[in-house]
Amino acid sequence: MVIAGGFGVGKTTTVGSISEIAPLTTEAAITEVAAGVDDLTHTPHKTTTTVAMDFGTITIDPTLKLYLFGTPGQDRFWFLWDELSNGALGAVVLADTRRLEDCFPAVDFFEHRGIPFAVAVNCFPGSRTFRTQDVSRALDLEAGTPVVLCDARSRESGKEVLIALVEHAGRMHTARMLDSVG
Amino acid sequence: VETQVVATAEGLRELDRLTFERHDIVAVCRRPQSIAEIAAKLRLHLNVVRVLAEDLRSAGQLSVHVPHAGTAQDASVLRRVIDGLRTIPDSRGALRDSD
């Protein structure tokens, strides 16, 4: 599973609250793909940059293990998302209603690739409570895409979001199967 | 990143003769691990682990298992995931404030 969303929206917190291990962080190299984007003129010897990616695990049973990968916050690391999303069960797009536009790139990314995703609205203390249908309309989500209000710090809340996502993924796969035979 | 890696019997036998990162990777793979976990535990770059794991696999010291691509779309797997998620205890909730 992929946990996506804008910078500072609570991705690491979400991974940490639901993972059975403390979130691990690893660094991935930014290769030549980013070379045209990064201004290297002032640092001519620097050809790679690193980006931190954190992840956690949930053991479902002895033969099934879920990996939760938090995507790097910046949009331009899309190619890393591509790799993470390949074979992913689905994605959670974390949203902050104070900066809803921050999650547009993630929503676009998963919609275009047909990857099942759910939007989880992290209810920060002091932020106004929104209705899920308002968020759904503001993000122009495809019908059926779940929107769940959540507290990134709460494990119970994280579970609800993941369950909503997996149920949605099941419905999407069933619909595609019916389409292909019909 | 989620590819599973585990040390082979041969790899463990030859462990003492391996050096530096190769030694550490085989040692940490006594139990199956993902590439991402190895990188995080050994504080190595993801791509460094990838390259070394491939070398160790060629040498017969590691075995590498790529997860089935269709697993994520298998209805019975999705059902197991939902049931599994429901049984996770809530006890650890609301613990960290830092992000």
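**The largest pocket and its surroundings**

Modeller: The largest pocket has a volume of about 1000 Å³. The model is a predicted one, and the description below should be read accordingly. The lining of this pocket comprises 34 residues, and those that lie nearest its centre are Lys65(A), Tyr67(A), Glu2(B), Gln4(B) and Pro67(B). Two or more lining residues come from each of β3 (49-61) and β4 (64-70) of chain A, and likewise from each of α3 (35-42) and α5 (75-86) of chain B. Of the elements, β4(A) gives the most to the lining, with five residues. Sorted by class, the lining of the largest pocket has 18 nonpolar, 10 polar and six charged residues.

Strand β1 (residues 4-7) of chain B is joined to β2(B) by two bridges, and the two strands run antiparallel. The sheet as a whole is open and holds three strands in the order β2-β1-β3 (chain B), with antiparallel pairing. Its edges are formed by β2 (33-34) and β3 (62-65) of chain B; each has a single partner strand, so one side of each is left without a neighbour in the sheet.

Elsewhere in chain B, Phe20(B) deserves a remark on its backbone. Its phi is near 45°, a positive value in a residue other than glycine. Phe20(B) lies in helix α2 (residues 20-28) of chain B and counts as exposed, at 69% relative accessibility. Asp140(A), however, is found in the loop between α4 (132-138) and β7 (147-150) of chain A. Asp140(A) is exposed, with a relative accessible area of 62%.

Chain A also contains the strand β5(A), whose setting can be described in some detail. Five of the five residues of β5 (residues 91-95) of chain A are buried, so the strand is largely enclosed by the rest of the structure. Both of its faces are covered, with Ala91(A), Val93(A) and Ala95(A) buried on one side and Val92(A) and Leu94(A) buried on the other. Strand β1 (residues 2-5) of chain A pairs with β5(A) in the parallel sense over four bridges, and Ile3(A) has Val92(A) as its bridge partner in β5(A). Strand β6 (residues 117-122) of chain A also pairs with β5(A) in the parallel sense, over five bridges; here Val93(A) stands opposite Val119(A). From β5(A) the chain crosses to β6(A) through helix α3 (residues 104-113) of chain A, a β-α-β crossover that is right-handed.

The cysteines complete the account. With a disulfide taken as a pair of cysteine sulfur atoms within 2.5 Å, the count over all chains is zero. For Cys103(A), which is in no disulfide, the nearest cysteine sulfur is that of Cys150(A), 12 Å away. Cys103(A) is buried, with a relative accessible area of 2%. Cys123(A) is likewise in no disulfide, and its nearest cysteine sulfur, that of Cys150(A), is 6.5 Å away. Cys123(A) is partly exposed, at a relative accessible area of 31%.

Key: Residues are numbered from 1 along each chain as its sequence is written. Chains are lettered from A and ligands numbered from 1 in the order in which they are written. This is a predicted model: local features need pLDDT of at least 70, side-chain atom pairs count only at pLDDT 80 or more; totals for chains, interfaces and linings use all residues. Side-chain values use heavy atoms; hydrogens and water are left out. Two strands pair if DSSP finds at least two bridges between them. Buried means under 20% relative accessible area, exposed over 50%, partly exposed in between (1.4 Å probe, protein chains only). A crossover is right-handed if, with the strands pointing away from the viewer, the path from the first strand over the helix to the second runs clockwise. On a 1 Å grid over the protein atoms alone, a cavity is a set of points where a 1.4 Å probe fits but cannot get out, and a pocket is an open set with protein on both sides within 12 Å along at least five of seven lines; lining residues have an atom within 4 Å of a point. Grid points are joined across faces, edges and corners, and a volume is the space filled by probe spheres set on the points. Ala, Val, Leu, Ile, Met, Phe, Trp, Tyr, Cys and Pro count as nonpolar, Asp, Glu, Lys and Arg as charged, and the others, Gly among them, as polar.
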